[in-house]
Amino acid sequence: MFYSSVAHFVNKFFIRKRLNLIQRYGDGAYALVTGGANGIGLEYSLQLAEEKFNIIMVDLDSKGLETAKAKILEKFPSTKVETITANLCEMTAQEHYDDFLKSVDHLDIAILVNNAGVADYHAFHETSPASVSRTVQVNAIAVLGFTRLFYTRFMNREKRGGIINMASGVGLASNSLVPIYPSTKAFVKYLTEGLQEECKGKIDLLYIYPGAVTTSATGFRSAPDSTTPDVIARNALNSLGQDGYNAGYWLHDIFCSQVEAMFYSNRELYRFVENAAVEKTGLGKDLRNIAKEQ
């Protein structure tokens, strides 16, 4: 069992090749990326454009979308790029998703990347009701809404479809420092796992659970185990059609596996290590500083 796991790990991150994605999902198809204006979302868009997909980017930041579009067209001028400015916090009813679908129904969308996400780093008792609603809405409800929107469409598509949902390493175990964000990411994990068997053969459903990534969401905080958005997007696309989950970075895969195993085998030890890590790395202070700026 141990050697099999090690072999799978080495193959996943260092040996195997990416599938021919455009051949798998259809020439001329579109990839839709939420939160596509910057960070990991922009990297997904750039790398999918490199794979010959046309791109639809959805984001609240309209100026950021235009900048991102220009970056894609500069590198891949033949790519068709659509931008949609949308506030996922406001997509609270089925009619909102129906209206969204009407705006893209004429396009052959083959890949959905549920990347948009928000985090509130306040202590739980200091978190406002509005912030709680925003975090749950964007990280969980919108992911469910977009997945449901394209799930049936992909099941009935002649070619197969692909869905990538962004979970998080902190969603593998409860977190006493920021409890709401990990809870929403745990929802994404279990939602994706619950659908994978049902859609097998028609939809490649993948969830990614990275650790620390240097983006605006983490205040561009860099740690010894952090990585960059391009690495996460690359490993995710390398796994699409071959795995159901991936940490997005080999070091995060090792770390997250250890954390999850410790959480379920020895809860007291897990809490001790969690508290020690927070104190030693200064993570708690960093997150509270970010919270003050929000």
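Does E74 count as buried or exposed, and at what relative accessibility? At 68% relative accessibility, E74 counts as exposed, where exposed means over 50% relative accessible area, buried under 20%, and partly exposed in between (1.4 Å probe, protein chains only). E74 lies in helix α4.

This is a predicted model, in which local features need pLDDT of at least 70 and side-chain atom pairs count only at pLDDT 80 or more, while totals for chains, interfaces and linings use all residues. Residues are numbered from 1 along each chain as its sequence is written, and side-chain values use heavy atoms, with hydrogens and water left out.

Helices (H or I, at least four residues) and strands (E, at least two) are DSSP runs, numbered from the N terminus. Two strands pair if DSSP finds at least two bridges between them. An open sheet of 7 strands has parallel pairing and the order β3-β2-β1-β4-β5-β6-β7. At its edges stand β3 (81–85) and β7 (245–246), each with a single partner strand, so one side of each has no neighbour in the sheet. Strands of a sheet pair through backbone hydrogen bonds, either parallel or antiparallel.

Strand β1 (residues 30–34) pairs with strand β2 (residues 54–59) in the parallel sense over 5 bridges. Along this pair, A31 stands opposite I55 in β2, and the bridge partner of V33 is M57. In a regular strand the side chains alternate between the two faces of the sheet. In β2, N54, I56 and V58 point one way, I55, M57 and D59 point the other way, and all are buried. Because 6 of the 6 residues of β2 are buried, the strand is largely enclosed by the rest of the structure.

Axes are lines fitted to C-alpha atoms, for helices over the stretch in contact (heavy atoms within 4.5 Å), and angles run from 0 to 180 degrees between N-to-C directions. Helix α3 (residues 39–50) lies across β1, β2, β4 (109–114), β5 (161–166) and β6 (203–208), at about 170° to β1. In α3, 9 of the 12 residues are buried, so this helix is largely enclosed by the rest of the structure. Among them are I40, Y44 and L48. Just after α3, K52 takes a positive phi of about 85°.

Helix α4 (residues 62–75) lies across β2 and β3 and runs at about 170° to β3. The buried residues of α4 are G64, L65, A68 and I72. Seen down the helix axis, they fall within an arc of 100°, so they line one face of α4; the arc is that of the directions from the helix axis to the C-beta atoms. These buried residues pack against α3, β2 and β3. The face of α4 turned away from its buried side carries the exposed residues K63 and E74. At the N-terminal end, D61 caps α4, with a side-chain oxygen 3.3 Å from the backbone nitrogen of K63.

Finally, R16 lies in the loop between α1 (2–15) and α2 (21–25). R16 is buried, with a relative accessible area of 16%. Its side chain makes a polar contact with the side chain of S239 (2.9 Å). A polar contact is a pair of N or O atoms within 3.5 Å; within protein, one must be able to donate a hydrogen and the other to accept it, and residues adjacent in sequence count only if both atoms are side-chain atoms.
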